[in-house]
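Student: I would like to learn how to read a model of this kind. Please take the features one at a time.

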Amino acid sequence: MMGKQLVIATLALLAAFAAGWQVNTWYSDSLELAISNAAHAAGEASRVAGEQVASESGRKLEDKLEALRHAQPVEIRTEVVKPVFTNVCVSADFVSLYNAAADKAERALSGKSVNQMPGNTAAH
């Protein structure tokens, strides 16, 4: 009789050990799944944030490039395409237009405001 009880106790102990092992495996799997889901969510959030930063940066760059395109007046482009070869290379008006265009380009690149009074066209 004692041998039968010992076998039953041993089988019960083995069954409890196997059940504990299985529960531990399930717990480990659930932890791995939770970590994987958290990593995926963090990666997705990082991707979205990166796309937003890149989009905003691209818009700012496009704005600056557009401001640079409009910084140079048509008169300067015409004067450069068809330069006047005289003793004086360029007129004083051309120099002031060029300086104003350079100031506009610098403001466009730096993002600084014009800081001019309304109606005042002279650059300071």
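Student: In what order do the elements of the protein chain run from the N terminus on?

Tutor: They run α-α-α. Helices (H or I, at least four residues) and strands (E, at least two) are DSSP runs, numbered from the N terminus. The protein chain has three helices and zero strands. This is a predicted model, in which local features need pLDDT of at least 70, side-chain atom pairs count only at pLDDT 80 or more, and totals for chains, interfaces and linings use all residues. Residues are numbered from 1 along each chain as its sequence is written, and side-chain values use heavy atoms, with hydrogens and water left out.

Student: Where in the protein chain is confidence lowest, and where is it highest?

Tutor: pLDDT is the predictor's confidence in each residue, from 0 to 100. Where pLDDT is low, the predicted coordinates should not be read in detail. Here the lowest confidence is in helix α2 (residues 74-81), with a mean of 59, and the highest is in α1, at 92. The protein chain averages 81, and 76% of the residues score at least 70.

Student: Which side chains meet in a salt bridge with R47?

Tutor: Side chains of opposite charge can pair when their charged atoms come close. The cut-off for a salt bridge is a side-chain nitrogen of Lys or Arg within 4 Å of a carboxyl oxygen of Asp or Glu. R47 meets E44 at 2.3 Å, N to O, and E51 at 2.6 Å, N to O. E44 and R47 are three residues apart in helix α1, so about one helical turn separates them. E51 and R47 lie four residues apart in helix α1, about one turn.

Student: Is R47 buried or exposed, or in between?

Tutor: Buried means under 20% relative accessible area, exposed over 50%, and partly exposed in between (1.4 Å probe, protein chains only). R47 has 40% relative accessibility, so R47 counts as partly exposed. Of the 124 residues of the protein chain, 5% count as buried.

Student: How many aromatic pairs does a search of the whole structure find?

Tutor: The search finds one aromatic pair. The ring centres of F17 and W21 are 5.9 Å apart and the planes stand at 45 degrees, so the pair is tilted. Rings of Phe, Tyr and Trp (its six-membered ring) pair if their centres lie within 6.5 Å; planes under 30 degrees apart count as stacked, over 60 as edge-to-face and the rest as tilted. Both F17 and W21 are exposed.
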